[in-house]
Amino acid sequence: MIGYRVKSLREEKKMSISELSAKSGVAKSYISSLERNLQTNPTILVLEKIARILCINVDVLLKEQPDKIMDEEWMEILQDVMGAGISKEEMRGFIQDRK
């Protein structure tokens, strides 16, 4: 499943396999094989190179069930909420009222 995570994160960054390859120094064919789960046991060195370009920690690629990645719009909404001084408890109360 590492390959799925690499592909998902690469696409989220709107990066092609060729771009990731050029920036990371990992062969394009290797990345392609990894993403298609033909290569299932990449070295830590390869994962570190890919992770650095994707701006993530290697452990994100290694987790069996990765945390859901929050999209940018949700992050902006949360920043607005925090910037408005709304506490977690107030937000939880708002959500409970909406259920």
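1. Let me begin with a crossing: H2 passes H4 in a right-handed manner. A crossing is called left-handed if the near helix is turned anticlockwise from the far one by less than a right angle, and right-handed if clockwise. The helix labels follow DSSP runs (H or I, at least four residues for helices; E, at least two for strands), numbered from the N terminus. On the H2 side the contact involves Leu-20, Lys-23 and Ser-24, and on the H4 side Lys-49, Ile-50, Arg-52, Ile-53 and Leu-54; contact means heavy atoms within 4.5 Å. By class, the residues of this contact are four nonpolar, one polar and three charged. Here Ala, Val, Leu, Ile, Met, Phe, Trp, Tyr, Cys and Pro count as nonpolar, Asp, Glu, Lys and Arg as charged, and the others, Gly among them, as polar.

2. A word on the ground rules. This is a predicted model, in which local features need pLDDT of at least 70 and side-chain atom pairs count only at pLDDT 80 or more, while totals for chains, interfaces and linings use all residues. Residues are numbered from 1 along each chain as its sequence is written, and side-chain values use heavy atoms, with hydrogens and water left out.

3. Now the geometry of that pair. Two packed helices are described by the angle between their axes and the distance between the axes. Helix H2 (residues 17–24) and helix H4 (residues 44–54) have axes 9 Å apart, at an angle of about 110 degrees. That makes H2 roughly perpendicular to H4. The axes are lines fitted to C-alpha atoms, for helices over the stretch in contact, and angles run from 0 to 180 degrees between N-to-C directions. Angles under 35 degrees count as roughly parallel, over 145 as roughly antiparallel, 65 to 115 as roughly perpendicular and the rest as oblique.

4. How do H2 and H3 pack? Their axes are 9 Å apart and the angle is about 125 degrees. H2 and H3 are therefore oblique to each other, and their crossing is right-handed. From H2, Ile-17, Ser-18, Leu-20, Ser-21 and Ser-24 take part, facing Lys-28, Ile-31, Ser-32 and Glu-35 of H3. The residues of this contact divide into three nonpolar, four polar and two charged.

5. Ile-2, Val-6, Leu-9 and Arg-10 in H1 meet Leu-47, Ile-50 and Leu-54 in H4, a set with six nonpolar, no polar and one charged.

6. Which residues of the largest nonpolar core touch the most other members? Of its 17 residues, they are Ile-2, Val-6, Leu-20, Ile-50, Leu-54, Ile-56 and Leu-61. Helix H1 (2–12), helix H3 (28–35), H4 and helix H5 (58–62) each supply at least two core residues, and H4 gives the largest share, six residues. A nonpolar core is a set of buried Ala, Val, Leu, Ile, Met, Phe, Trp, Tyr and Cys residues joined through side-chain atoms within 4.5 Å. Buried means under 20% relative accessible area, exposed over 50%, and partly exposed in between (1.4 Å probe, protein chains only). Not counting residues up to four places away in sequence, Leu-54 touches Val-6, Leu-9, Arg-10, Lys-13 and Leu-20.

7. Two backbone angles are worth checking. Lys-14, in the loop between H1 and H2, has a positive phi of about 55 degrees although it is not a glycine. Lys-14 counts as exposed, at 73% relative accessibility. Cys-55, in the loop between H4 and H5, is likewise not a glycine and has a positive phi of about 60 degrees. Cys-55 is exposed too, with a relative accessible area of 64%.

8. Finally, two individual residues. Gln-39 is found in the loop between H3 and H4 and counts as partly exposed at 25% relative accessibility. Leaving aside neighbours within four places in sequence, Gln-39 is in contact with Tyr-30, Ser-33 and Leu-34. Ser-29, in helix H3, counts as exposed at 54% relative accessibility. Ser-29 and Ile-17 are twelve residues apart in sequence and 8.8 Å apart in space, C-alpha to C-alpha.
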